Amino acid sequence: MAKLLNPTSFKAISHFIASRGKTVNKSIFPLRNAASCTATETTKEMVTLIVATTTDPASINPANALLAMPGWDPSPSCLQDMKGFANGGGGVRVLLHSRGIVEEDDLDRRWEEATGERVDEVIFLSKHTAVSNRPALTVHPIGIPHLREGEAGPQGGKPGWAAPPSPRIGPWLRHLKKLAQAHNMVPEFEITLEGTHHGPVTNTPTMFVEIGSTDEYWKRQDAAQVIALVKYTLVWEGLGLGGGAAVGNWNGEKDKNKILLGLGGGHYAPRHMDIVLKDGVWVGHLLSGYSLPMEDPNQSKAGTNAKDTKDIGGTWKHAIKAAFEATQSAFPGGEVIAHLDQKSFKSWQKNAITAFLGEQNIKIGKPNDFN
């Protein structure tokens, strides 16, 4: 493992994390106070929800590290069986629960109904698992737009749905890479995007920030603590809670208003990543090949003529449309441009997707189009 640095705040944060382990000291939270959670017509503050679960060390450890920083006050969570914190006038709320991170649907809507505060983004802290078991820090949008109604998502969500992707995904990926490099976590850790996948259901700009490892790896406290440090720093600095400028606020500037909609490729979107790592690039949904189910025209009446897209079955068209519309809603005033991982498609697939994008008036871009 690479040598780990010892930043000024590391000792205090490490002690805070180690003293709690996987659980949170419930005495530091007040009991739910329904009276203070009553929604009013005059309450219209825009807030960010940061969500963590006590069942996952990759989720609760960074949350504890974040809450060790100044400015946080215990507050009613306003949602049953959850604990909450508020950051002064920063408009940020931390919610902790004890269920699976993908199981709490509609947190944005439920919060607004309970408090009157409007949720403008949701950030989930979670563990990432991979067959390779390679350590990784990842960010990604959520949704399962390729599944049909009635099909069960293996990790939550609603078939056919895609949440608006957080505009912070691209900027935070780049910031995360800088933080990881500063703490000597690269190249052991891969810093990467993931394709759009899983739940829970939200209808507000959303992203997951995940730590990939194995249970064996997480037993190493030196690794767990420095990862928590990097992850909490990403959130602290990314939201501007320390007084600096937030990272990734979308303003729709005309010279920097192009958003990448990634189509095709593997789960870690390597060819889309090459573009997103460039400064100033915004990213929306990323539909990997498995999220674009297409029926082989050689086994259907379409034959090899893929120009007539209605003859090519599968949920690929709905997935693209749902991902495009969700991305468009998250970037008002922006221009959503599709980027195809050309090498991942067979010729008939590429032809069909290109034709469908044309029918939908969705521009197809090359890498230089996002500069």
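In the predicted model, Ala338 has a relative accessibility of 0% and therefore counts as buried, the cut-off being under 20%. This residue belongs to strand β11, which spans residues 335-340. Beyond the residues up to four places away in sequence, Ala338 is in contact with Leu261, Leu263, Leu357, Ile362, Lys363, Ile364, Gly365 and Phe370. One of these contacts, Ile362, lies 24 residues from Ala338 along the chain, and the C-alpha atoms of the two residues are 6.9 Å apart. Leu261 and Leu263, also among the contacts of Ala338, fall within the range of strand β9 (258-263).

An open sheet is built from 8 strands in the order β2-β3-β4-β1-β5-β8-β6-β7, and its pairing is mixed. The edges are formed by β2 (72-75) and β7 (190-193); each has a single partner strand, so one side of each lacks a neighbour in the sheet. On average, neighbouring strands of this sheet are turned by 20 degrees against each other, direction ignored. Strands of a sheet pair through backbone hydrogen bonds, in either a parallel or an antiparallel sense. The pairing of β6 (residues 136-140) with β7 is parallel and comprises 4 bridges. Within this pairing, Ala136 has Glu190 of β7 as its bridge partner.

Helix α2 (residues 57-67) touches β1 (46-53), β2, β3 (83-87), β4 (92-97), β5 (118-128) and β8 (206-212), and its direction makes about 125 degrees with that of β5. Helix α4 (residues 169-182) touches β5, β6, β7 and β8; the angle between its direction and that of β7 is about 180 degrees.

In helix α3 (residues 107-115), the buried residues are Leu107, Asp108, Trp111, Ala114 and Thr115. Viewed down the axis of α3, these residues fall within an arc of 135 degrees, so they line one face of the helix. An α-helix has 3.6 residues a turn, so residues three or four places apart point the same way. The buried residues of α3 pack against β1, β4 and β5. Gly116 follows α3 and has a positive phi, near 85 degrees.

Most residues other than glycine have a negative phi, and most peptide bonds are trans. Two cis peptide bonds are described here, one joining Val186 to Pro187 with omega of about 15 degrees, and one joining Gly199 to Pro200 with omega of about 10 degrees. Pro187 is located in the loop between α4 and β7, whereas Pro200 is in the loop between β7 and β8.

Asp81 is in the loop that links β2 and β3, and Ala269 is in the loop between β9 and α7 (270-276).

Note on methods
Residues numbered from 1 in each chain as written. Predicted model: local features only at pLDDT ≥ 70, side-chain atom pairs only at ≥ 80, totals over all residues. Heavy atoms only, no water. Helix = DSSP H or I, 4+ residues; strand = E, 2+ residues; numbered from the N terminus. Buried < 20%, exposed > 50% of the residue type's maximum accessible area, 1.4 Å probe, protein only. Contact = heavy atoms within 4.5 Å. Pairing = 2+ DSSP bridges. Axes fitted to C-alpha atoms, helices over the stretch in contact; angles between N-to-C directions. Arc of directions from axis to C-beta.
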